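Colleague: I would like to learn how to read a pocket and a fold summary. Please take me through one example.

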Amino acid sequence: MLHILFVCTGNTCRSPMAKAIYEVKSREYGINSIFSSCALGFCDGQKVSPNAVIVCNEIGIDISGHKPRIIRERDIDITDIYVVMTVSHAETLVSIGVPREKICILGGGVPDPFGSDLVTYRRCRKFIEESIDAFCRVLLKKMEMGELKVSDNDKPYFGANAETTS
């Protein structure tokens with residue numbers, strides 16, 4: 001099964017929004033996958049950004065129950081595609097041994113809205129929506145053409161924010 005991990009700095013804004021939007025889009029596109037989100041930076045004790053919750057609610061997506069978490073070794077063992085928000089996130093993953101070909105920078109890069117107003121969060125959400133839609137189209141094409149290496153494991157990600165689509 002295809003494992004996709006959405007990654008940002010604190011797992012409080014961008015990656016939870018991307019994961020939740022991907023959940024909706026992957027169902028629309030019929031993409032069978034296991035997916036989750038995590039942080040590369042410190043996130044212990046953090047909560048999902050209230051503005052991220054608000055802007056996702058505006059499009060009918062509830063991320064209020066999201067619990068930020070840090071990347072784990074087990075994530076690295078099972079992930080087929082890492083969807084990161086910045087070049088810096090990609091470089092950090094490469095530095096810990098993740099092959100570059102497994103990394104996708106969402107939309108070429110998603111600016112961090114952390115601490116910003118609702119207008120900025122809405123812009124970020126809209127950009128993520130458009131980028132996830134494009135990502136799903138590319139993913140489908142790669143799957144149809146047999147260009148995607150998928151692990152032979154159906155192990156789920158740990159944590160309350162792991163999902164599966166089928």
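Modeller: Start with the term. On a 1 Å grid over the protein atoms alone, a pocket is an open set of points where a 1.4 Å probe fits, with protein on both sides within 12 Å along at least five of seven lines; lining residues have an atom within 4 Å of a point. A volume is the space filled by probe spheres set on the points, which are joined across faces, edges and corners. Here the largest pocket has about 410 Å³. This is a predicted model: local features need pLDDT of at least 70, side-chain atom pairs need 80 or more, and totals for chains, interfaces and linings use all residues. Residues are numbered from 1 along each chain as its sequence is written, and side-chain values use heavy atoms, without hydrogens and water.

Colleague: Which residues lie nearest the centre of the largest pocket?

Modeller: Ile 81, Glu 101, Lys 102, Lys 142 and Leu 148, out of 17 lining residues.

Colleague: Which element gives the most to the lining?

Modeller: Elements are DSSP runs, numbered from the N terminus: helices (H or I, at least four residues) and strands (E, at least two). H5 gives the most, with 5 residues. H5 spans 118–144, and strand E4 (103–105) also supplies at least two.

Colleague: How do the elements of the chain run?

Modeller: β-α-β-α-α-β-α-β-α-β from the N terminus on. That is 5 helices and 5 strands.

Colleague: What share of the residues is buried?

Modeller: Buried means under 20% relative accessible area, with a 1.4 Å probe and protein chains only. Buried residues make up 46% of the 166 in the chain.

Definitions and conventions:
Buried < 20%, exposed > 50% of the residue type's maximum accessible area, 1.4 Å probe, protein only.
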